[in-house]
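The briefing below goes through selected features of one protein chain, grouped by topic. Please keep the sequence and the structure in view while reading.

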Amino acid sequence: MATVPDLVRNPAHRFPDRTCIIEGARSLTFAEVDRRADRLAAALAARGLRPGDRIALLALNELEYLEIQVGSQRAGTVLVPLNFRLTASEVAGILADCSARLLIHGPGLAAVAEDAAGWAGVADVVHLGPDGIGQPYDELLADGGQVPSEQMPSEGMQAASAALAADAAANILYTSGTTGRPKGAVLTNLGFYARSAALCLDVRAAPGSVFLQALPMFHIAANTAYSFTFCGSTIVLMREFSVDGLVDALHRYRATHLLLVPTMINAVNHHPGIDDHRFDHLQLVIYGASPIAPEVLKRAIDLFGCGFFQLYGMTETFACSVLRPEDHDPDGRPDLLASAGTDALTFETAVVDPDGRPCPAGVVGEIVARGPALMAEYFGAPDATAASLRDGWMHTGDLGYRDRSGYLFVTDRLKDMVITGGENVYPREVEDVLYAHPAVLEAAVIGLPDPRWGERVHAVVVLRPGAAVDEAALIAHCRASLTGYKCPRSVAFVDDLPKNATGKVLKKELRQAAAGSVTG
């Protein structure tokens, strides 16, 4: 049987007393996380959970997140991290979809957990922190410490010294559902290992680095954090993002590595007084999850004064293409700031036409990827799996092209492309131009129904505080850089853009709001 190592065992042997994880005033060493994960695995087995059973985790970035991930893998169970911003009915839908046997919830989420568990029929509930529903987590861990190893069910957990079965499921990661109903992407232990090990190598993370995790751990951003755990570095969790909190954490923990999404970077860029700070310990800003406008990236590179590393991918793939620090050269290669880079370690990407044939350089097609870090399937959805995973390639639904030097450029989501008068318009291209206007803080471009053109290009814009510009001026600004059919035919000004928990703009909501304003 093929096996892979888990996240913590090796660094716990090499660096037992080094701080592994920090959240607020609490911290654990690698040895402590290792022991607690073993106790959790034993407790899960004693509770009657068997390999393949699903455990759901509904929590913010809590200190216990890492040990629950590792302990679940050691027990052979499958961890299902849940978006803490979902409603009780949405959580219940996921619990029912994956047939969860146990729900662990964090502080402040008791009401959602109670309703969701009741609706989905999940009777076994555990809570982190002093208050909540079900059994306290500390009692669960204590149960694990009291179970003699000879009394553990032989199939209930893997031996403490055993590696993990490579083909066993480790996680079910539910997609954000920005374009439809969330689907559960099943990640095996091999896929989990490949994500952690490959990124650790690609970002050249040295043992002893300090990684600041500002994104939610229920997202694939957790795989980025885990890559630092894998190589023996400390991860610092922010429970919730704010620019002031981020700046304070960067200084307090002397963070060397940081993960952000473009909307966070944009917020930092425009935060009052941010230019008064120096980030001398910071070596690398890792970013991804959605496209970034080159103007936003240039400003951030100047502000942070360190290397930048872009991740391009999705829940089903993780980072399949990366733009490395040497490619972030605003003066020598400004064109690459709009690129998603080249293949990540262990990955192969391609751009194909609707028949699956490779597209020539410069020709837009669908981006596909393959490698050991891919999901294995969509849980309980064979038709959706067959539609997305074909001949070993994950079809991302993203459109892009590769230039003659081999760099990948993502033009947009296939479902977000606007077809106006028979011409394809890629919203990102228009958004990049809008971001270059000095009055624009944020911009999103969508297609709206049009009786003459089929669809028309519509921009939704957030202005910078104190800035003023009208619709005509913004359209004129776009016409200076774009051909006529690509320019917005209408502009709406809003106070903020709807986003999911990872900062991705919810264009589905923008389309619904725009349609309502037209018909209402």
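Helices and strands here are DSSP runs, a helix having at least four residues and a strand at least two, and they are numbered from the N terminus. In that numbering, strand β17 covers residues 318-323, and Phe318 is found in it. The model is a predicted one, and the points below should be read with that in mind.

**Backbone angles**
- Most residues other than glycine have a negative phi.
- Phe318 is not a glycine, and yet its phi is positive, at about 65 degrees; with a relative accessibility of 6%, Phe318 counts as buried.
- Arg254, also not a glycine, has a positive phi of about 50 degrees, and its place is in the loop between α9 and β14.
- Gly48, which comes just after α2, takes a positive phi of about 100 degrees.

**Cysteines**
- The structure holds 0 disulfides, and Cys231 is accordingly in none, although the sulfur of Cys200, the nearest cysteine sulfur, is 3.5 Å away.
- Cys231 has a relative accessibility of 7% and so counts as buried.
- Cys306 is too far from any partner for a bond, because the closest cysteine sulfur, that of Cys231, lies 17 Å from its own; Cys306 is likewise buried, with a relative accessible area of 15%.

- Helix α2 runs over residues 30-46, and its 17 residues should span 24 Å at 1.5 Å a residue, which agrees with the 24 Å between its end C-alpha atoms.
- Because 12 of its 17 residues are buried, α2 is largely enclosed by the rest of the structure; among the buried residues are Phe30, Val33, Leu40 and Leu44, but also Asp34 and Arg36.
- In soluble globular proteins, nonpolar side chains tend to be buried together.
- The largest nonpolar core has 164 residues, and Leu103 and Phe304 have the most contacts inside it; α2 gives the most to this core, with 7 residues.
- Leaving aside residues up to four places away in sequence, Phe304 touches Leu250, Leu258, Leu260, Val268, Phe279, Leu282 and Val285.
- Another core, of 9 residues, lies apart from the largest one, and its members include Leu441, Ala444, Val462 and Ala514.

**The second largest pocket and helix α10**
- The second largest pocket has a volume of about 450 Å³, and of the 24 residues that line this pocket, Arg85, Phe241, Thr263, Met264 and Lys499 are the closest to its centre.
- The elements that give two or more residues to this lining are α10 (262-269) and β27 (440-450), and the largest share, 4 residues, comes from α10.
- Since 7 of the 8 residues of α10 are buried, this helix is largely enclosed by the rest of the structure; the buried residues are Pro262, Thr263, Met264, Ile265, Asn266, Val268 and Asn269.
- These buried residues of α10 pack against α9, β14, β15, α11, α13 and β27.

**A loop residue**
- Asp470 is placed in the loop between β28 (454-463) and α14 (471-479), where it is partly exposed, with a relative accessible area of 45%.
- Asp470 and Gly454 are 16 residues apart along the chain, and their C-alpha atoms are separated by 26 Å.

Key
Residues numbered from 1 in each chain as written. Predicted model: local features only at pLDDT ≥ 70, side-chain atom pairs only at ≥ 80, totals over all residues. Heavy atoms only, no water. Disulfide = S-S within 2.5 Å. Buried < 20%, exposed > 50% of the residue type's maximum accessible area, 1.4 Å probe, protein only. Expected span 1.5 Å × (residues − 1). Core = buried A, V, L, I, M, F, W, Y, C linked by side-chain atoms within 4.5 Å. Contact = heavy atoms within 4.5 Å. 1 Å grid on protein atoms, 1.4 Å probe; cavity = no way out; pocket = protein on both sides within 12 Å on 5 of 7 lines; lining within 4 Å. Points joined across faces, edges and corners; volume = space filled by probe spheres on them.
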